[in-house]
Structure formats: C-alpha cells, structure tokens
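Thanks for coming. Please look at the screen.

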Amino acid sequence: MNWLHTLIIAIVEGLTEYLPISSTAHMVFAANLLGVPENDFVKMFQIAIQFGAILAVVVLYYRKFFDLKNLRFYWILLVAVIPALILGKIFDDKIEAVLGNPIPIAVVLVIGGVVLLFVDKYFQNPTVHSEKEISVKQAIAIGFWQCLAMMPGTSRSAASIIGGMQQGLSRQAAAEFSFFLAVPTMTAATCYSVFIKTWGEGVTAQKGYQLITASPEHVQSFIIGNIVAFVVAMLAIKFFIDMIKRFGFKPWGWYRIIAGLALLAYYTLP
C-alpha cells in the first residue's frame, strides 16, 4: 500500500465514518478499485485508522467528553457499548471473512438505503431531544441496534441512528448520540485490532502493532492515515448534522441504493 492508497483510504474513512453509508464498505471498495493487495496489514489498517475519526468527535464535543461533573454521560455510553463488545468478540472471525467479499456488502448497502428512505416518515414524534434525556434502557437498546453494523455494509452510524429514533430520539439527538457511542466502540475495536487480535496464521501470525512496525512504510501509513481521517471527519460531522436538519435521511438512502447497485453491476456483470 503506497502513500496515495493511504491518503485516499483515509479520506474515505474520514468522510464516511459518521455518515449512514458504511465506512467499511467504502474503504473495502476503494481499496479494491485501487488495486491495493488484500493482506493482514491492509485489513488491520482499515480498522485502526478509525482512531483518527474518533478523535474528531472528542475534539468537536470536548465539553461533553471532559465534563467530569456529568458522570451519567459516561455511564450511558458504557452500558450502550457493552453489546458491541460482547458480540463483536464472538463474531470477529465471521466479520473478517465477509470483508473480502464485495457482493454481500453491496447488497447490504442497497437494503440499508431502502430503510433510510422511510426512517423520517416512520419516526415522526420524538420525545428525547438530547443525550441527557436518554434512559439506561434506551441506551442498551441503541447498543443492540448498533450491533447490526457488524455486517459490513450496514453502517454503524445508520444502525445506531435508526435505533435511536426507534427509541424516541430526535434526528439530531440520535445522530449526536451515534457520534458519542462511536468513541468507546471504535476505541475498543482499534485497541483490539492493534494490541490483542492475532493476524495471520502459523509462522506469519502477528499482532497489529507488529504489522505496523514491520516497516517504515507501514508506520508512515498508520500515522498519516489517522491524521487525514481526523481532519476529514471534523468537516464531515459538521456537514452531516446540517444535512439531516435540512433534509433528513432520504438523500443518504438514495445514495446507498445507487452506490450499491452500481457496485453490484461492477462486480457481477461481465
């Protein structure tokens, strides 16, 4: 993976991590179209690069994340992330296997797009307008909704936002709680992929940090990728909040459908 591959994949991650269009799907397809070799470092990189996007949320909403007087905020995030921690560990190998197959990912993109077309119409009477009003029961329910995104192509953002709206959150409250929930979720996924998970088998098996430090090029890709993802995610979050206030989720639904069908055609037609 050269520096141009790193730059493009990082931009894709930053743009799509917090949009309901599946960052994983976009990174997989971008790498595939760029001809990036499918190896353990690339797979690990596509997960670990989310760390930069995570920092964007922490910086933009630093008053919430560093308000030690509001301990309930941390408690709500903790209970919401527990389902993903448990189920993510259980289904880790199955998730990795799907990452190498673009067809089911494209199909899920289309299905998720159809769902987004009707979300605004179906959930029209929100009762919760900020994270301060979210109950523990609602937080756990949203956490289980987020687990739907373990199928690549679903979108963690889309799953948790739809789950939030199903639990009575307004569009903006659901989107922002999705951002907040991404921090512990993606931090756990990044730490697991870098420090705990063993990539490869036999004599080639390595931890994520060993893959990163295996060459100067890998170190450079990891650092540059996270910096670029951070900067781009900062812009994408502000753009997304403004878009859902004005247009709701229907534009993202149509985007997913068109992108998914185009990718299906690309990978299935002769």
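Predicted model: local features only at pLDDT ≥ 70, side-chain atom pairs only at ≥ 80, totals over all residues.

Take helix 10 and helix 11. They pack at an angle of about 130°, and their axes are 8 Å apart. Helix 10 and helix 11 are therefore oblique to each other. Their crossing is right-handed. On the helix 10 side, the contact is made by R156, S157, S160, I161, G164 and M165. Helix 11 contributes R171, A174, A175, S178, L181, A182, T185 and M186. By type, the residues of this contact divide into seven nonpolar, five polar and two charged.

Now the other packing, helix 9 with helix 10. Helix 9 covers residues 136–146 and helix 10 covers residues 156–166. Here the angle is about 145°, with the axes 8 Å apart. This crossing, too, is right-handed. I142, W145 and Q146 of helix 9 meet R156, A159, S160, I162, G163, G164 and Q166 of helix 10. That contact has four nonpolar residues, five polar and one charged.

Last, the single residue. F180 sits in helix 11, which spans residues 171–196. Is F180 buried or exposed? Its relative accessibility is 0%, so F180 counts as buried. Beyond its neighbours within four places in sequence, F180 is in contact with V57, Y61, K64, F65, F73, L77 and E131. As for G153, 27 residues away along the chain, its C-alpha atom is separated from that of F180 by 21 Å.

Technical notes:
Residues numbered from 1 in each chain as written. Heavy atoms only, no water. Axes fitted to C-alpha atoms, helices over the stretch in contact; angles between N-to-C directions. Helix = DSSP H or I, 4+ residues; strand = E, 2+ residues; numbered from the N terminus. Left-handed = near helix turned anticlockwise from the far one by under 90°. Contact = heavy atoms within 4.5 Å. Nonpolar A, V, L, I, M, F, W, Y, C, P; charged D, E, K, R; others polar. Buried < 20%, exposed > 50% of the residue type's maximum accessible area, 1.4 Å probe, protein only. Parallel < 35°, antiparallel > 145°, perpendicular 65-115°, else oblique.
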